[in-house]
Amino acid sequence: MTLNQLEQYRDLSKEVKMLEQRIADLENSPKAFVSDSVIASAQCIPYQPHTVTIQGYGNQQQDKINALRVKYIARRQQLYKQMEEIETFVDGLEDSRLRQIIEYRYVKGMPWNAVAKNVYGYPSGDAARKAVTRFFEKF
């Protein structure tokens with residue numbers, strides 16, 4: 001795990017929400033209503049041809065929507081996998097303080113001063129930032 005991958009967590013979370021919204025929009029999109037006419041005749045004599053209008057929902061637009069939905073769902077699954085890898089890494093850290101710092105900063109997106117206030121009790125974010133920097137230099 002690198003610091004850059006860890007910093008991506010919030011962006012991955014936002015992208016998952018965006019893809020979920022796209023999927024919901026596709027599922028709620030109106031279906032294409034199509035109309036056409038055909039020539040038919042009566043069932044009995046004198047078999048006169050006449051025009052009959054047929055109406056229904058077209059499949060061409062729905063096929064495109066289904067292809068996009070599959071694409072978005074696959075991408076969402078990939079993002080979930082990346083997020084799970086990050087969460088597993090954070091959960092596997094032995095140092096409780098470092099775990100808290102990383103959780104507050106990279107998962108919840110808090111500024112360094114708020115992280116330091118929650119972890120150390122004072123609002124100077126330098127200690128928390130340096131602890132993470134030192135950890136990734138060793139790692």
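Helix 3 gives the most to the negative patch, with 4 residues. Helices here are DSSP runs of H or I with at least four residues, strands are runs of E with at least two, and both are numbered from the N terminus. Before going on, note that this is a predicted model, where local features need pLDDT of at least 70, side-chain atom pairs count only at pLDDT 80 or more, and totals for chains, interfaces and linings use all residues. Residues are numbered from 1 along each chain as its sequence is written, and side-chain values use heavy atoms, with hydrogens and water left out.

**The negative patch**

- Five residues make up this negative surface patch: Glu84, Glu85, Glu87, Asp91 and Glu103.
- To join a patch, a residue needs over 30% relative accessible area and no salt bridge; like charges are then joined within 9 Å, while for nonpolar side chains (Val, Leu, Ile, Met, Phe, Trp, Tyr) the limit is within 5 Å.
- Asp and Glu count as negative and Lys and Arg as positive, with His and the chain ends not counted. The place of a charge is taken as NZ of Lys, CZ of Arg, CG of Asp or CD of Glu.
- Accessible areas come from the Shrake-Rupley method with a 1.4 Å probe, and for residues only the protein chains shown count as cover.
- Glutamate 84 sits in helix 3, and with a relative accessible area of 51% it is exposed. The scale runs like this: buried is under 20% relative accessible area, exposed is over 50%, and partly exposed is in between (1.4 Å probe, protein chains only).
- Glutamate 87 is in helix 3 too, but at 35% relative accessibility it counts as partly exposed.

**Salt bridges**

- There are 3 salt bridges, where a salt bridge means a side-chain nitrogen of Lys or Arg within 4 Å of a carboxyl oxygen of Asp or Glu.
- One of them joins arginine 75 and glutamate 15, at 3.2 Å from N to O. This pair links distant parts of the chain, with arginine 75 in helix 3 and glutamate 15 in helix 2 (residues 9-28), 60 residues apart.
- Glutamate 27 and arginine 69 make another, with their closest N and O atoms 3.9 Å apart. Glutamate 27 lies in helix 2 and arginine 69 in helix 3, so this pair ties together parts that are 42 residues apart in sequence.
- Glutamate 27 is partly exposed, with a relative accessible area of 49%.
- Aspartate 126 and arginine 129 also meet in a salt bridge, at 3.0 Å from N to O. They are separated by about one helical turn, because they are 3 residues apart in helix 6.
- Aspartate 126 is partly exposed at 40%, and arginine 129 is partly exposed at 33%.

**Aromatic pairs**

- A search of the whole structure turns up 5 aromatic pairs. Rings of Phe, Tyr and Trp (its six-membered ring) pair if their centres lie within 6.5 Å; planes under 30 degrees apart are stacked, over 60 edge-to-face, and the rest tilted.
- Phenylalanine 89 and phenylalanine 136 form a tilted pair, 6.2 Å centre to centre with 35° between the planes. Phenylalanine 89 lies in helix 3 (residues 60-91) and phenylalanine 136 in helix 6 (residues 126-138), so the pair ties together parts that are 47 residues apart in sequence.
- Phenylalanine 89 is buried at 14%, and phenylalanine 136 is buried at 15%.
- Tyrosine 120 and tyrosine 122 form a stacked pair, 5.7 Å centre to centre with 25° between the planes. Tyrosine 120 is partly exposed at 22%, and tyrosine 122 is partly exposed at 39%.
- Phe89 turns up again in an aromatic cluster, together with Phe135 and Phe136.

- Most residues other than glycine have a negative phi, and most peptide bonds are trans.
- The peptide bond from isoleucine 45 to proline 46 is cis, with omega near 20°. Proline 46 belongs to the loop between strand 1 (33-41) and strand 2 (49-57).
- Tyrosine 47 is not a glycine, yet it has a positive phi of about 45°. Tyrosine 47 is likewise in the loop between strand 1 and strand 2.
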